[in-house]
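This text is a guided walk through one structure, for a reader meeting it here. Please look over the sequence and the model before reading on.

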Amino acid sequence: MRLYSMHKREFVMVFVAFFACFVLAVFIGLAGPPITSTSEQRAHLNGSEVATGPFIMKTPLLSTYSQQLWVMAKLQTSNNDDERYDESFQISISIDGITTDRKLMAVLSSETGRNRTRQFKCERQTCEELVVAHLGFIDFSYYIITVRFHGLEGFHQRYNIRELTFYFKNYNPAFTELEIWFRLIFLLTAFCVMCWFGHSLRKYPLHDWSIEQKWMSILLPLLILYNNPLFPMTFLINSWVPGMMDAILQTTFLCAVLMFWLCVYHGLRQNERRLVTFYLPKVLVVGLLWCSALILATWLRCTELEDPTYNYVLDTSNYFGFKVFFFTVGGFYIAYLLLLILRAYSELRSMPYFDLRLRFLTLLAGVVSLVCGCVTARQFGAGIFEDSFASRLTTYYRSSAQFMALYGLLNFYLYTMAYVYAPAHQQIYGQHSSITKDNPAFSMINDSDEDVIYGSDEEITYGSDEDSRRPLTRASRTTSDVN
């Protein structure tokens, strides 16, 4: 691996290049367009009609680049008290699309439209926004939406609804273009990196690959799928399939990264990696995370595609159960990973080659985890633990900067590892190709990092083939094993 032949200044330059690319991506996002566009229409009904409707509205001009449409309502009352109050009521909706020849085509007819329960939560004169309907795909340039309220008459008599405003929110077409272009750029770059990495390993037999190199040969193709070459199909096909595929590919890649961390931290000190004892527990933990994350990511969207009036409140208990399961498995994963990290450092910190591999892996993974955690906390805050978590998934990002930060971070993370884990052009220990093997028995526990990694001229001797196949345990740390 190039990792073995890199000097300290090269490590610094690698991390400088990583952070420079990441900061550049963030600045491009900051200069990018807003992620959503919002327009509003005020209801002009008077008297008791403002509590019942019907409210007939025409949406602004939409295109397939608008991706989705949310219709939200917000009301203001004449209440002057300091109390917090809420009111449950029924809502019925009909949606018609306007065709190119100016005819109406029913998307959701009033006969098939269901009465859905909604709830206003108010404090003083202002009430929270509520989602009236959600269209997961744009079929028409304009829609006619008719909304009727049922059961708000008593609320209106007591608090006097003085203003009702409807908001139409959709993805900004300019942001959609930015997303398409940068996904394409990341896709092509990931493909080039994958080809280069595979080409650099072509002259080495598979059994000489380190565990990091084997995992990179898996993660790089998954990175191509994460960037999703089929993403433009989302705007061409009126189906839930492209969106579902995008969610599956992204979730699979992220879980593969989690699996990579578990396997590397454990595999560096365990040379015998059996399917049942080594891989099965990790596949079980990460597989449960994959299933629960995929359900949380796709359940709401698929249900809303079938019924635009669907609201997560109806399935609060189901969402709460999945969230508890997801966070429980996630907590178990974190505890398992921390245990493997502690054991790896306690057993390998005195071995220069493996100590270097641990430090590089931990530092880069820590940066990725920290940035992802900060972006997630900034987007959802404490709401990620609340029942309203599902309803806040109205958009994947709050700004173009968040999109560029997350997509750029994960892509640059894989590019950096591919560079460091690829074979060097001139191996400093070329006469001993077995140094690239993934075996702690080749580490010189009596030498320092500077002597072994950074240019020592001392000749290195190695243990026998029988020793090289032996897993690392405390009992195996003897002079005869690492002669």
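Two rings of Phe, Tyr or Trp count as a pair if their centres lie within 6.5 Å, and for Trp the six-membered ring is the one used. With that in hand, one aromatic cluster can be picked out: Trp70, Tyr171, Phe175, Tyr226, Phe253, Phe403 and Tyr407 form it. The model is a predicted one, and it holds 22 aromatic pairs.

One of these pairs is formed by Phe89 and Phe149, whose ring centres are 5.3 Å apart. The planes of the two rings stand at 70° to each other, an edge-to-face arrangement. Phe89 belongs to strand β4 (residues 84–98) and Phe149 to strand β9 (residues 142–150), so this pair ties together parts that lie 60 residues apart in sequence. Phe89 and Phe149 are both buried.

Tyr171 and Phe175 make another pair. Their planes are at 15° with the ring centres 6.3 Å apart, and the pair therefore counts as stacked, since the limit for stacking is an angle under 30 degrees. Tyr171 is buried, as is Phe175.

Rings also meet charged side chains. The charged end of Lys58 sits over the ring of Tyr142, at 4.5 Å from the ring centre. Arg183 lies over the face of Phe231, and here the distance to the ring centre is 4.0 Å.

Next come the helices. Helix α2 (residues 8–30) packs against helix α10 (residues 400–421), with the axes 8 Å apart and an angle of about 160° between them. How are α2 and α10 directed, roughly parallel or roughly antiparallel to each other? They are roughly antiparallel, because angles over 145 degrees are classed that way. The crossing of α2 and α10 is right-handed. On the α2 side, the residues that meet α10 include Val14, Phe18, Cys21, Phe22 and Ala25. Among the residues of α10 that meet α2 are Met404, Ala405, Leu409, Phe412 and Tyr413.

Ala256 is located in helix α6 (residues 241–267). Is Ala256 buried or exposed? Its relative accessibility is 9%, so Ala256 counts as buried, the limit being under 20%. Apart from neighbours within four places in sequence, Ala256 is in contact with Trp215, Leu219 and Leu222. Val286 lies 30 residues from Ala256 along the chain, and the C-alpha atoms of these two residues are separated by 8.1 Å.

How values were computed:
Residues are numbered from 1 along each chain as its sequence is written. This is a predicted model: local features need pLDDT of at least 70, side-chain atom pairs count only at pLDDT 80 or more; totals for chains, interfaces and linings use all residues. Side-chain values use heavy atoms; hydrogens and water are left out. Helices (H or I, at least four residues) and strands (E, at least two) are DSSP runs, numbered from the N terminus. Buried means under 20% relative accessible area, exposed over 50%, partly exposed in between (1.4 Å probe, protein chains only). Contact means heavy atoms within 4.5 Å. Rings of Phe, Tyr and Trp (its six-membered ring) pair if their centres lie within 6.5 Å; planes under 30 degrees apart count as stacked, over 60 as edge-to-face and the rest as tilted. A charge sits over a ring if NZ of Lys or CZ of Arg is within 6 Å of the ring centre and within 35 degrees of the ring normal. Axes are lines fitted to C-alpha atoms, for helices over the stretch in contact, and angles run from 0 to 180 degrees between N-to-C directions. Angles under 35 degrees count as roughly parallel, over 145 as roughly antiparallel, 65 to 115 as roughly perpendicular and the rest as oblique. A crossing is left-handed if the near helix is turned anticlockwise from the far one by less than a right angle, and right-handed if clockwise.
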